[in-house]
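Work through the exercises below with the structure in view. Each task is followed by a stepwise solution.

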Amino acid sequence: MVRPPKPTPPKGELSEMEKDPLSVKLEVDSFDGKIHVEWEPEASVTPMGQLPFFIQFLKTGHRFEPWINDCPLTYKSPNAPQKVDVIGSLMLSILSGHKRYAHIGTIIGDKVNAQLLGMKKIVSDDSARRGLKKIDEDEGVEWMQKHLHLCFDPLLTIPWIMDVDVTVKTIYGHQEGAVNGYNPHKKGRPSHTYHSYMMANLKLILEVEVRPGNQSQSKYSLPGLMELLNRLPKRC
């Protein structure tokens with residue numbers, strides 16, 4: 001039996017394998033000056049490979065330095081670490097996907113990204129933990145809310161829809177507010193509930209309030225929602 005030939009697909013865009021890898025050096029402006037980024041096609045992909053571009057965004061958007069300067073963290077000892085080193089180490093750890101303070105030790109040898117952020121070093125997890133303890137809770141919340149609002153404030157001048165979502169976070173170990181409640185992932189395991197307020201469709205987080213695991217109902221989202229709306233200007 002003679003089979004008909006298979007139809008030839010129409011010519012379109014090149015597949016991913018046929019595209020030439022980017023070989024042009026890209027100029028990136030960092031807090032340590034301008035650098036050139038060049039892709040190595042044969043090298044392994046790393047989660048921090050795009051960080052120089054994010055650092056340029058922070059510098060161009062004037063986001064990082066004001067955030068560090070406004071941080072209510074003060075040291076009196078001349079031997080204490082610099083504020084930018086403490087907060088910057090925590091930020092780099094979070095961007096690396098870390099969930100515990102001890103994980104900072106895995107990036108403590110990173111000299112490149114720390115230098116691009118204008119840091120002298122990445123501090124130990126003990127220094128980062130002690131630094132956060134020195135920040136007053138109310139002042140710390142006000143500091144973070146202020147700079148978070150500056151990130152999305154221009155978007156609020158056009159019509160938008162508020163979306164509220166509750167996420168259950170299972171807790172292992174002993175943490176403040178971790179109690180038994182509705183937990184579909186690990187029944188009987190203590191948890192926190194994250195009440196998130198965001199711009200619908202964009203999924204841009206405006207604020208997240210952490211509550212005990214037995215407060216997952218919508219009535220516990222309402223106080224934080226009203227507090228957020230009352231802080232926003234009328235034009236938003």
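**Exercise 1.** Characterise the salt bridge between aspartate 29 and lysine 59.

Step 1. The closest N and O atoms of aspartate 29 and lysine 59 are 3.2 Å apart.

Step 2. Aspartate 29 is in strand E1 (residues 26-30) and lysine 59 in helix H1, 30 residues apart, so the pair links distant parts of the chain. Helices (H or I, at least four residues) and strands (E, at least two) are DSSP runs, numbered from the N terminus.

Step 3. Check accessibility. Aspartate 29 has 24% relative accessible area and lysine 59 has 31%. Both count as partly exposed, the class between buried (under 20%) and exposed (over 50%; 1.4 Å probe, protein chains only).

The model is predicted: local features need pLDDT of at least 70, side-chain atom pairs pLDDT 80 or more, while totals for chains, interfaces and linings use all residues. Numbering starts from 1 along each chain as its sequence is written, and side-chain values use heavy atoms, without hydrogens and water.

**Exercise 2.** Do likewise for lysine 146 and aspartate 70.

Step 1. Their N to O distance is 3.1 Å.

Step 2. Lysine 146 sits in helix H6 (residues 137-152), aspartate 70 in the loop between H2 and H3. The two are 76 residues apart.

Step 3. Lysine 146 is partly exposed at 45%, as is aspartate 70 at 36%.

**Exercise 3.** Which residues are linked with Arg129 in a network of salt bridges?

Step 1. The network holds Asp125, Asp126 and Arg129.

Step 2. Arginine 129 and aspartate 126 meet at 3.0 Å, N to O.

Note on methods. Salt bridge = Lys/Arg side-chain N within 4 Å of Asp/Glu carboxyl O.
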